[in-house]
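Let me put the model up, and then we'll go through it together.

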Amino acid sequence: MNTFKLIFHKFNRIWKWQGLLIAVSILVLNLMTACGRKDQLDTEEKPQYWKYIKALPKPKETLSRTLRVLIWHDYIDPEIIAYFEKLYDTKIEITFFENNEDLKNKFAQNPDGFDILMPSDYVVERFRKQGNVIAPIRKENIPNLGHISPILFQSPYDPELVYSVPMFYCCLGVSFNSKKVQYVPRNFSLRSKSATENLNLHGYRALLDEPRVSLSAALLDDGVDPNHPTIDQLNRTANRLIEDAKALGTHYMASTLPEHLIKNEIMLAVNWSGAAAVAVQKNPAIRFVLPEGKKFIQVDSFVIPLRAKNKYTAEFFINFLLIPEISGDLTNYSFYANSNQSSSPFISRDILLGPAYMEPPTTMRVFFTDLGDMEDNFESTWRQIKSSAPDIKAKVPDLVKEIEENNLQRDRVR
């Protein structure tokens, strides 16, 4: 019995030492992995799986020498563009736009000047209803359309995707700096429940400079159906936004918003999930939450103008971007969720687990729909709101330092 106990204690001691070594090894590995992920976001090149594609699509027709694309800022990796140009000897001429109103204006000014447009869902619906703006998609030329998530084939703006090819989607929420904001609004008003914090955040808030989006969000806050407002309801909400801008010191920003969040120049903003993911990448204090109640979903799609001169090349290019490895790279570059359900293995884990892929339940989703003539009222109302905005110069001095000190003191008390 004594011999047995001696052997047991010996093995037990060895097991404890081995367990300790294993635990330390796991801890070190986790720390290295965590640092590695952060370093990868900041400095390392992301894996470019598209460089190892063995079977690339071959055109059935002669491709055009140029392809003219009107697209949102920072959606497509320039290296992918250069790769396509080298492979197929087609020059991609890109024109950027800031919001859907900008797209409509640039397209109206040059209706023969583009082979591909990238409007959001409600603009696709308007083009489709007009009947003489965009061409039906020839699906036989885009076999990779089969990779698109089935839920997008049931969208209200283009059922069965007759005229459009969804590429990216995002949801509307609130970005905030977790070190500076204590009471996070769960709606789009950007008002804190603390009077002191409302004062401190004066000049540190932003709404998206997108008429349809920001006005719809404000209407929803006011209990109005954003897809069926009356003129009176729109005017009441506009007047409230004008007063809010004066009281809260609200800015209006589009593609530059992530940069201002990263630099702590904006602490609280209505924002798209993809743009929030960009800010989180560079500033770990940034958080993103979805509002209570219904959630806005927006889909950005490729469409081909009816008068486009290079329709087949446009379809071939869209099909190329829907190769899973390519779609994955587009998300790794832009941080926006893409429509290609086969691309997930090629997307950074940090992006998949971040704001970009926060998806509300299907029953809680709200799509923007075409407002017809009311759309013009939205745009003119938005111009009025912006023209009434105060010139914001004064910000609370040392806000960042003050709130960081408060947080540090609170942590010590805990």
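So, the lining of the largest cavity: α7 and β6 (250-253) each supply at least two residues of it. Helices here are DSSP runs of H or I with at least four residues, strands are E runs of at least two, and both are numbered from the N terminus. α7 gives the most, with 5 residues. A cavity is a set of points on a 1 Å grid, over the protein atoms alone, where a 1.4 Å probe fits but cannot get out, and lining residues have an atom within 4 Å of a point.

Keep in mind that this is a predicted model, with pLDDT of at least 70 needed for local features and 80 or more for side-chain atom pairs, while totals for chains, interfaces and linings use all residues. Residues are numbered from 1 along each chain as its sequence is written, and side-chain values use heavy atoms, without hydrogens or water.

The volume of that largest cavity is about 70 Å³, taken as the space filled by probe spheres set on the points, which are joined across faces, edges and corners. Its lining includes Arg240, Asp244 and Tyr252.

Now, what does α7 pack with? Helix α7 (residues 231-248) packs with helix α13 (residues 374-387) at an angle of about 20°, their axes 10 Å apart. That makes the two roughly parallel, the term for angles under 35 degrees. Axes are lines fitted to C-alpha atoms over the stretch in contact, with angles from 0 to 180 degrees between N-to-C directions.

In α7, Leu234 and Ala238 are among the residues meeting α13, contact being heavy atoms within 4.5 Å.

Conventions: Parallel < 35°, antiparallel > 145°, perpendicular 65-115°, else oblique. 1 Å grid on protein atoms, 1.4 Å probe; cavity = no way out; pocket = protein on both sides within 12 Å on 5 of 7 lines; lining within 4 Å.
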